[in-house]
Amino acid sequence: MASNGKNSGGGMAARIFAGDKVMWVVIVILLVYSLFVVYSTTAYDMGVSAGQELIRQLLYICFGMTGFYVAQSLSIRTYKRIAVPFLLLSLLLTLLMIFAHSGSGAERSLNILGFEFQPFEFLKFAIIINLARQLSTRQKQMESLRIMPSFRIADWREDRDRQLEILRTQTLPILGPIALCCVLTVKFSNSTTLIIAASCLAMMFLSRVHKSDIGKIIVVGILVGGLALAIYGSQGSRSGTAVSRVSSWTPNVLTKSAKVGSDGKEYYLRHKHPDGSPKEHDQTLYAKMSIATGGLVGKGPGQSTNRYLAEADKDMAYAFLIEEYGLLFGGLVMLFAFLVMFYRSMVIFLKCGTAFPGLMVLGIGTVIVLQAFLHMMVSVSLFPLTGQQLPIVSKGGTSLVLTLSMLGMLMGVSSETEEKMEN
C-alpha cells in the first residue's frame, strides 16, 4: 500500500502536503494573514507601494517555502548530522555581526554580499537542534545521569574526580553551547535570550533531566543573566534598553483608563509620573489604542486609522490585526492558531519512536510558539517591549524564511513518522 511519506508514490497533493494536516492548515492561515498585514500597513503610506511590498512578501514566502520543502525532504539522520555544523555556522555568523557592527541601528543585522539578515534567527534554532542531539544520545541512562555537578563543598571533597567528570562529560557538552549563545544574544536581543533559555529548559524537562539539575540550571542562569545585564547595561547596549523598557512597563490593560475620541471610539490615556513624564513607551500606548479601537470585528482590511503605531507590520503586527480584523477575526484567530501549532507539535513529539526527532520537533514548536506569545503579550501590555516579530505573520525577512524552513524540518519528521507507522 502506498503511503503519504517522503518516498510515497501517491498523488501530487499528498506529496506536497505531506505530514500533519492540521499543522498545514495553521501554516496556510498564518501565511494568508501575513499578506493581509503587509498590504494593509502599506496601503495608506504614500511613500511606499503596497503592490511592491506585497510582491516582496510573496517572494519571501516563496524563499521560505523552498527552504520548507528542502528541509522536509531530508531524513531524520541528516537532521542529526547537520546539528553541529549548523550551530557552528550560526555562532560564526553571530560573531561576524558583532565584529562588523559599526554604529547604532544595524547592530542586530549582518550584511553579506548585499543580503542583510539577523544571525540570531539562525542561532535560536541551531541551539535547539544541537540540544536535541545531545539529550537524545543520553536517554538510556537519563534516570541516573547528572548533568550538573554538586553545589556542596562536601561532595567535591568526597569525590572530586566524579564532579569533574560530570562537568567535563555532561555540563560542558550540553549546557556550554546554550550558555555561549545566551551570552552572545543577551547583549543585543534580551528577548531572544529568554526564548532560547525557556525552550531549552522545556526540552530538558520533557527529556527527563533530573529536577534538581534543572533547578541548579535556573539558579545559575538567573545569577549569570543578572550579572550580564548589569555589565552590558552600564555600557549602553540593548541590555540598557531592556532595563528602561521594564521600568516604563505599565501592565494596566485591564484598567479602565480611556477617553472617547472624535471617531466615537475609546482611546487609552497616557499614564504619567507626578513630574509629568510618561510612564509608558509610545509604542505600547499606540498598540493599546489600536486594540481599543478595533473592537470585536475591527475596522476592516486597509481601514486602520492609527497612523502612530510604529512597526505595525513587524513588532506590533498583533495589535494591528486586532484594529483591522477585531478581537474575533484577528486576536482570537492568531491565539488559537499558535495554540493549535503547539498542540500538534506535542502530538508529533509523542508519535516519534526515537528521542532525537521528538525533542527536535518539541524544541522547534516551542521556540516558534513562545515567540508568538511573547509578541502578543507585548501588544496587549502584559509584557515589556521586546522587538519580537509575530512568527510567519510579520513582514518577511530572515525570520519568515528560517521559520518556514524549520517548520519544514518539523513536518519532515511528521511525514517520516507517519510513513513508518503505516508500514
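Trainee: What span does helix H5 reach from its first C-alpha to its last?

Mentor: Helices here are DSSP runs of H or I with at least four residues, while strands are runs of E with at least two, numbered from the N terminus. Helix H5 covers residues 119-136, which makes 18 residues. The expected span is 1.5 Å times one less than the number of residues. That expectation is 26 Å for H5, and the helix comes close to it, reaching 26 Å.

Trainee: Before we go on, what kind of model is this?

Mentor: Residues are numbered from 1 along each chain as its sequence is written, and side-chain values use heavy atoms, leaving out hydrogens and water. Local features need pLDDT of at least 70, side-chain atom pairs count only at pLDDT 80 or more, and totals for chains, interfaces and linings use all residues, because this model is predicted.

Trainee: How many of the 18 residues of H5 are buried?

Mentor: Buried means under 20% relative accessible area, exposed means over 50%, and partly exposed lies in between (1.4 Å probe, protein chains only). H5 is largely enclosed by the rest of the structure, because its buried residues number 16 of the 18.

Trainee: How is the aromatic pair of Tyr 33 and Phe 36 classed?

Mentor: A search of the whole structure finds six aromatic pairs. Rings of Phe, Tyr and Trp (its six-membered ring) pair if their centres lie within 6.5 Å; planes under 30 degrees apart count as stacked, over 60 as edge-to-face and the rest as tilted. For Tyr 33 and Phe 36, the centres are 5.8 Å apart and the planes stand at 70°, so the pair is edge-to-face.

Trainee: Is Tyr 33 buried or exposed?

Mentor: Tyr 33 and Phe 36 sit three residues apart in helix H2, about one helical turn. Phe 36 is partly exposed at 36% relative accessible area. Tyr 33 has a relative accessible area of 12%, so this residue is buried.

Trainee: How many residues apart are Tyr 33 and Tyr 325?

Mentor: The rings of Tyr 33 and Tyr 325 have centres 6.1 Å apart and planes at 70°, so they form an edge-to-face pair. Tyr 33 belongs to helix H2 and Tyr 325 to helix H12, so the pair links distant parts of the chain, 292 residues apart.

Trainee: Which residues touch the most other members of the largest nonpolar core?

Mentor: A nonpolar core is a set of buried Ala, Val, Leu, Ile, Met, Phe, Trp, Tyr and Cys residues joined through side-chain atoms within 4.5 Å. The largest one has 83 residues, and those touching the most other members are Met 334 and Met 341.
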